[in-house]
Structure formats: structure tokens, C-alpha cells
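Hi,

Here is the structure I promised to pass on.

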Amino acid sequence: MKRWQKASTAAATLIVFFLFIKTTPEVYEYVQSVKYGALTEAITVQAPLLNEAEERLLKQIEATAEKQKIAPIDAKIDRVWRAIPGLNGREIDIEKTFEYARINPDAAEISYQYKEIEPELQLEQLGAHPVYRGNPQKKMAAFMINVAWGNEYLDGMLATLKKHNVKATFFLDGSWLKKYPDAAKKIQTEGHELSNHAYSHPDMKHLSKAEQRKQIVKTEQLLKSTLQVENKWFAPPSGSYNQTTVQIAREEGLGTVLWTIDTIDWRNPPAEQIVAKIGNKLEPGSLILMHPTKSSSQALEGMIKTIQKQGYKLGTVSETLSSERVD
């Protein structure tokens, strides 16, 4: 074929091709999307149209989802309670609920599937502030057990926690941890959270900046070397701290945590007095301070039953201070 004939044939082919594109809407839209870079990497095949029953089902799910939507709550700084964690929102996962209902058409009612929506502002974004409690709309509480001396009642407390399947957070004094690594490992084996309680139970606010850092870092190193713990929290001994304490803890990757309710078990009150106190003062997000003492050991089972009877979930400090929902 001569060169001009080849050119003529090619030109005719191009004309036919462009006419086909122009007169075929689907193809034309495709070419336009490529031209303007709007084509996605994966081409999604359009799903079949819903039948009337499925359309009614989807509208019902969407209407219910709108009514049940709970917005997330941002973490905030409170004048009294200082840093307060946020709380996830909750809403129906429309897509999952619809698909589940489609494959279970004979179900007596719709099985709604939910998802949590995290708040925009989380606790760790608030800066260097102490934490005294969880979110006041989260019906959860935690035992924070400070361990700096004595092991006489520790096994009994661990047995009670295990009996009721409750996990607590144990804040370990560094000098105690160095002296009793096996006891610390037993706490860890039981599945409890282990955190930092300084090294020698000092009055932190009266220490220099360098001494405060030494107290925190020395115990943090022991937690890692002895127990391989990646810790999140620091509880200042006797609740004594200043802004330097909180700032140093933050620089070391730790949040400073105190308590909402104090058992004052070091005064050896009767067990029933402690249980009554917890029952009267308990509120959502409570962090309950105690030590491995005779009073707390004897009161622990009563505290657990009282807290659970009021409809609270018991967990670690990390769980209580997280933004995750418990409902």
C-alpha cells in the first residue's frame, strides 16, 4: 500500500474513533476523566440497583442512625480537676448494618453495627497537666495501688483481684522494685498495669529539677530493664508535685496521675468504712487510691462488689483515662 493510502486509512480510522467517543456517553465520560486526571486507580463497578424492600431497609437504618448518633467529647482543662480526657462518640455503621441485614433477611429485628468516633482533642494534646479522673460521662473506675513498702498483704489483694477478674494499676516505688523484682513480676504475670512511683518515695515538690528527673528516670529504667514495661504514667508519692514535676514527667513520656478518691488506708480504718466511702463517693472516671495494707486487703472484695453493683466497669488507669467508650 502506498504511503498516502496508509495515511488516508489512518485518518479515516481516527475520525471513526472520535465519532464513536463523542456519540457514546460512557466512553466520552471515561476519556474526559482520564484527560483531567479524575480517574481513580481502581475502577469500581456500579452495584446493582436496590429493590423496594432494600430501599426501605436502608432508609430505616439511616433514620435510626441519625437519631442515635452521639458526638465525641473533646479533652479539656478543668479549673478543679485539671486535665480531663475526652470521650469517643458513637454512631451506627450504616454500610455494615445494611450488609448484615441483607444477608440475614429472616432476622426478627435489625442487628445494628456501631463504630466509635474519636474526639479531635485528646488528653495528650492538652500539654503538661496532672490528671485526677477520667471523663465524667464514662462509667468506669480504676484502682491505683501504690507500692513502696511491705509485701504482707500483696498476695491476698492479687488473689481477690483475680477472683473477680479485675485488672488494676500498680505504681511501683523504684527502690521496692529493685528489692522485690519477683513480687513485681508476679503482679505483671497476673495481667496488671505497672507504672512509675518515683524511686525513694520523696516529697517531689521540694526537690530540685535535676533530683526530680533522677527520681522518675531511675524507676523508669528499672521498669524497662526488670519487667520490659513500656510505661505511660507517673504517680507522685503522697500526691506531692509542682509544675516542674509534671513537665519533667511529660518530657520523659509520662502523664502525671493522681486520684479521685483516697481510701486513706495508711490510717488503718475498718474495711467496712472504706467500702462505705467508695459507695458514697464513686462517680464516673474515679481513680481510687490504695496501698497493700491490711485495711485495703480486707476491703478490696467489698469495694469491687459495691462498684460493680452500681453498674461501673473496673479496669486499669490507662483504660479508664482512654477516650474509648464502655457502653
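Predicted model: local features only at pLDDT ≥ 70, side-chain atom pairs only at ≥ 80, totals over all residues.

Residues are numbered from 1 along each chain as its sequence is written, and side-chain values use heavy atoms, leaving out hydrogens and water.

The protein chain has 12 helices and 12 strands (DSSP runs numbered from the N terminus: H or I of at least four residues, E of at least two). Of its 327 residues, 43% are buried, meaning under 20% relative accessible area with a 1.4 Å probe, protein chains only. Among contacts (heavy atoms within 4.5 Å) between residues at least 6 apart in sequence, 74% join residues at least 24 apart.

Now the first pair. Helix 5 (residues 154-163) and helix 7 (residues 181-189) have axes 11 Å apart, at an angle of about 5 degrees (axes are lines fitted to C-alpha atoms over the stretch in contact, with angles from 0 to 180 degrees between N-to-C directions). They are therefore roughly parallel, a term for angles under 35 degrees. Leu-154, Asp-155 and Leu-158 of helix 5 touch Ala-183, Lys-186 and Ile-187 of helix 7.

In the other pair, the axes of helix 8 (residues 209-227) and helix 9 (residues 243-251) come within 10 Å and cross at roughly 45 degrees. On the helix 8 side, Lys-209, Gln-212, Arg-213 and Ile-216 meet Thr-244, Thr-245, Ile-248, Ala-249 and Glu-251 of helix 9.

Best wishes

Notes
Parallel < 35°, antiparallel > 145°, perpendicular 65-115°, else oblique. Buried < 20%, exposed > 50% of the residue type's maximum accessible area, 1.4 Å probe, protein only.
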